[in-house]
Amino acid sequence: WQLDVGSTTGAVLMLSSVNLPGGEQRRRTYEDSLNMRTLYAEGDLVSAEIHSFWADGAMSLHTRSRKYGKLSFGVLVQVPAVLMRRMKEHFHR
């Protein structure tokens, strides 16, 4: 999946980087790729962790922890990147 992260470069969320329903840990199959829309759809707001950066600047994301995934409730607050202080985690508790 291609994700809009508000950057000039894109971000990718691979099927292998997603928790399956029920927290299953197994090899991803062709059927899993067809059922990806049951997990995420266009317009969904997703919390993800940056796994790595590629040479072209694109990001590889993952949502393998319970802390990450589709956000159902809450408010999206968008601020300019220059106002974000670099931290290990950017979660508000």
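Colleague: Hi! What is the mean pLDDT of the protein, and what share of its residues reach 70 or more?

Modeller: The mean pLDDT is 79, and 86% of the residues reach 70 or more. pLDDT is the predictor's confidence in each residue, from 0 to 100. This is a predicted model, where local features need pLDDT of at least 70 and side-chain atom pairs count only at pLDDT 80 or more, while totals for chains, interfaces and linings use all residues. Residues are numbered from 1 along each chain as its sequence is written, and side-chain values use heavy atoms, with hydrogens and water left out.

Colleague: Which elements have the lowest and the highest mean pLDDT?

Modeller: Helix 1 (residues 30-34) has the lowest, 75, and strand 5 has the highest, 87. Where pLDDT is low, the predicted coordinates should not be read in detail.

Colleague: OK, how many helices and strands does the protein have?

Modeller: There are 1 helix and 6 strands, in the order β-β-α-β-β-β-β along the sequence. Helices (H or I, at least four residues) and strands (E, at least two) are DSSP runs, numbered from the N terminus.

Colleague: And how do strand 4 and strand 5 pair?

Modeller: Strand 4 (residues 49-53) pairs with strand 5 in the antiparallel sense, over 4 bridges. For strands to count as paired, DSSP has to find at least two bridges between them. Ser 52 stands opposite Ser 60 of strand 5. The hairpin has 5 residues between the two strands, and in this hairpin Gly 57 takes a positive phi near 95 degrees.

Colleague: Which residues make up the largest nonpolar core?

Modeller: That core has 9 residues in all: Ala 11, Leu 13, Leu 15, Val 18, Met 36, Leu 39, Tyr 40, Met 59 and Leu 61. Strand 2 (11-18) and strand 5 each supply at least two of the core residues, and strand 2 gives the most, with 4. A nonpolar core here is a set of buried Ala, Val, Leu, Ile, Met, Phe, Trp, Tyr and Cys residues joined through side-chain atoms within 4.5 Å.

Colleague: Where is Trp 1, then?

Modeller: Trp 1 is in the segment before strand 1 (2-3), and it counts as partly exposed because its relative accessibility is 31%. Leaving aside neighbours within four places in sequence, its contacts include Ala 11, Leu 13, Met 36 and Tyr 40. Trp 1 and Tyr 40 are 39 residues apart in sequence, with 9.2 Å from C-alpha to C-alpha.

Colleague: New topic: how many salt bridges does a search of the whole structure find?

Modeller: The search finds 1, taking a salt bridge as a side-chain nitrogen of Lys or Arg within 4 Å of a carboxyl oxygen of Asp or Glu. Lys 70 forms a salt bridge with Asp 44, and their closest N and O atoms are 3.6 Å apart. Lys 70 lies in strand 6 and Asp 44 in the loop between helix 1 and strand 3 (46-47), so the pair ties together parts that are 26 residues apart in sequence.

Colleague: Are those two buried or partly exposed?

Modeller: Lys 70 is partly exposed, with a relative accessible area of 44%, and Asp 44 is partly exposed at 28%.

Conventions: Buried < 20%, exposed > 50% of the residue type's maximum accessible area, 1.4 Å probe, protein only. Contact = heavy atoms within 4.5 Å.
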